[in-house]
Amino acid sequence: MKKNITTNSSMSSSSSSTMLLLLLFFVTLNSYYSFASSDYDTFVQCLSSNHNTKNQISNIVYGPNNSSFTSVLQDYIRNPRFNTPATRKPSLIVTPLQESHVQAAILCSKKIGIELKIRSGGHDYEGISYVSEVPFIILDMFNLRSVSVDIKSETAWVQSGATLGELYYNIWKNSKVHGFPAGVGPTVGIGGHISGGGYGNMLRKFGLSVDHVIDARIVDAKGRILDRKSMGEDLFWAIRGGGGASFGVVLAYKIQLVPVPPVVTVFRVAKTLEDNVTDIFYRWQFVANKIDDNLFIRLLVQPTSITKKKPNLDMKKKKKPNSGKAPGQKTVRVTFIAQYLGNATELLSVMKSQFPELGLTQQDCIETSWIQSVLYWANYNNGTSEKVLLDRKSDSENFFKRKSDYLKTPIPKDGLEGLWKNIIELGKAGMVFNAYGGQMSRIGESETPFPHRNGNIFKIQYFANWKEQGAEAEKKYIEQTRTLYSYMTPYVSKNPRESYLNYRDLDIGTTSNGKNTYDEGKVYGEKYFKGNFDRLVKVKTAVDPDNFFRNEQSIPPLLH
């Protein structure tokens with residue numbers, strides 16, 4: 001720890017500044033509790049007049065003075081960036097136990113004029129399901145998490161508060177040859193994941209989660225529970241990729257299950273600059289969206305240090321040329337993480353004929369069941385019990401920032417070399433390249449609000465994770481993601497520069513939900529939805545003209 005040598009004058013000034021900050025903090029805190037208490041009392045009074053909730057208030061409503069308030073709030077905060085003393089807290093949290101509680105929460109929120117935030121799993125990258133700049137209530141859906149699987153019809157009803165892990169586990173308990181194409185994070189909530197599109201390692205075979213939604217239940221701004229038939233096809237279209245929280249509270253989705261083989265194959269192969277990864281990556285760009293639909297490969301690109309390799313005792317083997325870099329020097333590692341819906345023999349044949357440059361071997365391949373592959377992608381050890389998928393707690397304690405892009409034409413080699421240079425110099429930020437093609441290329445841009453279909457090689461995610469606390473560290477690492485994003489400008493999609501809704505990024509635009517909400521919304525809306533944005537606006541105007549369901553990047557209504 002560095003020693004600080006100061007004068008009496010500077011110490012006095014510092015002490016005064018500290019006292020002033022503490023005073024402001026306590027004034028703000030006292031003001032918050034005053035507002036929160038008022039909102040709480042008014043809200044509870046409203047609920048007490050509703051016959052569905054009046055006897056359940058103590059079980060479903062948590063105010064700041066409740067001893068469980070902090071734990072309920074923090075249980076589903078997945079990004080600690082939005083869990084600081086300076087982060088505005090909700091006036092109260094409602095945790096419905098049945099559908100009628102959701103209806104009452106909406107009607108009472110409207111009546112007292114307070115913003116409602118809807119949280120299913122808390123994985124929104126910018127925390128907008130549980131933070132706000134104005135007084136707000138959290139409607140936390142975690143109690144509504146039933147999963148009902150019907151193997152005879154190959155369907156399931158899954159409530160919004162369920163996690164992907166709970167969905168996968170329940171499918172597996174009912175059938176070893178069925179699955180569902182969704183994400184690789186077991187603690188991700190169904191509500192946000194599916195309503196924003198939902199993708200995972202079977203997207204090249206089966207497309208997105210929303211491509212397999214056949215019905216839904218939603219509570220609208222009038223407090224009505226609607227299914228597909230009563231909500232109509234326009235609203236049903238909108239909540240399958242357009243972000244459900246702009247239109248209502250999605251209670252549950254009915255999904256069509258997909259067949260999975262008894263054996264799937266996974267592998268992880270890492271290459272660095274010293275392994276000629278530039279040439280391998282460059283070649284992969286021409287293959288990624290054309291290779292066998294059963295194969296999905298994700299590329300994880302990170303800065304790393306060269307480690308000292310053990311000497312090769314087999315003198316007959318050809319030595320690799322010396323890279324000229326000593327152990328400890330910085331390099332870039334690209335990890336190829338893959339899943340193939342079939343056995344290793346089939347996979348090796350595909351790789352040998354279509355992507356031999358990776359040099360995949362039998363020893364790299366792991367044959368397993370589909371449910372065990374779910375655990376593999378979630379970084380659990382081989383043989384871990386499937387029951388771990390029922391654990392709703394997230395292990396990650398990192399602060400993080402994410403951004404996204406779409407790549408439609410291959411990056412030239414000099415562009416890749418410049419990218420590696422940036423990643424090494426920045427030292428922390430990395431990227432993920434998710435292969436497209438297959439079924440994603442066969443579904444039209446307007447069939448769902450999610451428009452990023454044919455013509456894409458990769459969806460790109462930029463990421464930075466860090467443990468250091470404080471504004472300085474946050475600024476540093478967020479800026480690293482922005483630097484990589486800026487570097488990639490010449491190579492990615494244009495007019496608009498496309499983004500993925502579920503990789504939420506407030507850098508690309510926000511709305512204050514005022515009189516200019518349409519113009520503000522169009523900035524980020526066209527990046528997320530392209531030509532589907534205006535249709536989403538029309539649906540929003542029809543079902544929620546007063547913009548009750550709103551957030552920093554919601555779909556705006558047309559104001560009259």
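Visitor: How many residues of the lining of the second largest cavity are nonpolar, polar and charged?
Guide: The lining divides into five nonpolar, two polar and two charged residues. Arg88 and Lys89 belong to this lining, and Asp, Glu, Lys and Arg count as charged (Ala, Val, Leu, Ile, Met, Phe, Trp, Tyr, Cys and Pro as nonpolar, the others, Gly among them, as polar). The model is predicted: local features need pLDDT of at least 70 and side-chain atom pairs 80 or more, while totals for chains, interfaces and linings use all residues. Residues are numbered from 1 along each chain as its sequence is written, and side-chain values use heavy atoms, without hydrogens and water.

Visitor: What makes Tyr168 a lining residue of the largest cavity?
Guide: A cavity is a set of points on a 1 Å grid over the protein atoms alone where a 1.4 Å probe fits but cannot get out, and lining residues have an atom within 4 Å of a point. Tyr168 is in the lining of the largest cavity, as are Phe180 and Gln339, among others. The space in this cavity is about 90 Å³. Helix H12 (residues 370–377) gives the most to the lining, with four residues.

Visitor: Why are the buried residues of H11 said to line one face of the helix?
Guide: In H11 (residues 344–354), Ala344, Leu347, Val350 and Met351 are buried, that is, under 20% relative accessible area with a 1.4 Å probe and protein chains only (exposed is over 50%). Seen down the axis, these residues fall within an arc of 120°, so they line one face. Thr345, Lys352 and Ser353 are exposed on the other side.

Technical notes: On a 1 Å grid over the protein atoms alone, a cavity is a set of points where a 1.4 Å probe fits but cannot get out, and a pocket is an open set with protein on both sides within 12 Å along at least five of seven lines; lining residues have an atom within 4 Å of a point. Grid points are joined across faces, edges and corners, and a volume is the space filled by probe spheres set on the points. Helices (H or I, at least four residues) and strands (E, at least two) are DSSP runs, numbered from the N terminus. The arc is that of the directions from the helix axis to the C-beta atoms.
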